[in-house]
Amino acid sequence: MLNPLLRAEWLREGRSNRLAVTIIFYNAILALIIILFMVFNTESFQEGYYFDPAVYRFQYFIISAIQMGLILLFMPFSVWGLFIRDNDEEMIRRYRVIPGFSRKYVMSKIGLIMSIALLLYVSSLPVLSLACIYSGVTWTEILRLGLMLMFFSFWSGSIAVYAFIRRQSGIRGFSLDVFINLFFFMGTLLLSEFIHSVAALSQGAEAVADSADICMLLVSMNPLVCLTGYLANITGDNSVINAFCSHIGYDNSGEMFTFTFFKLAGLAGILIGLLFLYQAVAYLDRDARRRDALVKAETL
């Protein structure tokens, strides 16, 4: 049975002007970038420069990365607007006595967020197809982009839902969301660099090898790893991850590494998102039990 809260969220969001404005601005930004690329490419043809499909595939990757960046920027503000509306209507306080409300409430939020992300992706296909001219990008790779966008929307949306439920305040929830994102995007890299530096100072080959495994485990939780994997799939350029592995002393020369590491990083991102959703549900349940206990104590 479909989540009734999700159906209500779909109807309420579909009737608002915010969704239409978001789609317009999202596609306008992509169209502007694509037009700039097309103007640059036209001038290159007129000047008689050598035609290199790798350049156009890299341009396609830039547009794809911008789409993922827009999704990451869109998530916290979108969730902020949803929770402001719910707080004004006192939705959680009114309906928390319903069995299973916490799980349905959290699932409705992440379901709505991912639905909006999917709608943004589908609406951008006509504009995105212009970026595929001369690049040799296939529809399989465009569908892969859709999967990447859904991955980023689920990862970022799960963190945003947890942050705003945990803090139950706009500014505080947004601050917690930014802190968690910075930890995964930058903190994992800084922590891995710290572990590698400590192991290098110990001057032990075994310690350096163990630290390399730990560093790769930390970095696999960074969503940017999936972006570098997408770059390698589109352009064949795997220099970013090769440079990092060489820096920490990790051997990534085997074919099995390329085949498994990026997939494991994507699985780690999904598990992290599920963990934050579970924590959001658990917090709502604890808060409901605490409030019920206070009400019973006041009535005695």
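Analyst: A term to begin with. Patches are made of residues with over 30% relative accessible area and no salt bridge; like charges are joined within 9 Å, and nonpolar side chains (Val, Leu, Ile, Met, Phe, Trp, Tyr) within 5 Å. Accessible areas come from the Shrake-Rupley method with a 1.4 Å probe, and for residues only the protein chains shown count as cover. A salt bridge is a side-chain nitrogen of Lys or Arg within 4 Å of a carboxyl oxygen of Asp or Glu.

User: OK. Which residues form the nonpolar patch on the surface?

Analyst: L264, L267, I270, L271 and L274. Together they have about 450 Å² of accessible area.

User: Before we go on, what sort of model is this?

Analyst: It is a predicted model: local features need pLDDT of at least 70, side-chain atom pairs count only at pLDDT 80 or more, and totals for chains, interfaces and linings use all residues. Residues are numbered from 1 along each chain as its sequence is written, and side-chain values use heavy atoms, with hydrogens and water left out.

User: What pLDDT does the chain average?

Analyst: The average is 81, and 88% of the residues score at least 70. pLDDT is the predictor's confidence in each residue, from 0 to 100.

User: Which elements have the lowest and highest mean pLDDT?

Analyst: Helix α4 (residues 91-95) has the lowest, at 70. Helix α7 (residues 139-167) has the highest, at 89. Where pLDDT is low, the predicted coordinates should not be read in detail.

User: How many helices and strands are there?

Analyst: There are 12 helices and zero strands. Helices (H or I, at least four residues) and strands (E, at least two) are DSSP runs, numbered from the N terminus.

User: What about A265, buried or exposed?

Analyst: Buried, at 2% relative accessible area. A265 is also in α12. A265 and V225 are 40 residues apart in sequence, but their C-alpha atoms are 6.8 Å apart.

User: And A282?

Analyst: A282 is another α12 residue. A282 counts as buried because its relative accessibility is 17%.

User: New topic, charges. Which residues form the positive surface patch?

Analyst: R166, R167, R172, R286 and R289. Lys and Arg count as positive and Asp and Glu as negative, while His and the chain ends are not counted. The place of a charge is NZ of Lys, CZ of Arg, CG of Asp or CD of Glu.

User: Which helices supply at least two residues each?

Analyst: α7 and α12 (255-299). R167 is in α7 and is partly exposed, at 35% relative accessible area.

User: How many salt bridges does a search of the whole structure find?

Analyst: One. R57 pairs with E141, and the closest N and O atoms are 2.8 Å apart. R57 lies in helix α3 (residues 53-89) and E141 in α7, so the pair ties together parts that are 84 residues apart in sequence. Both R57 and E141 are buried.

User: Where is W155 found, and is it buried or exposed?

Analyst: W155 is in α7. W155 counts as buried, at 0% relative accessibility. W155 and N181 are 9.9 Å apart, C-alpha to C-alpha, and 26 residues apart in sequence.

User: How much of the chain counts as buried?

Analyst: 46% of its 300 residues.

Methods. Buried means under 20% relative accessible area, exposed over 50%, partly exposed in between (1.4 Å probe, protein chains only).
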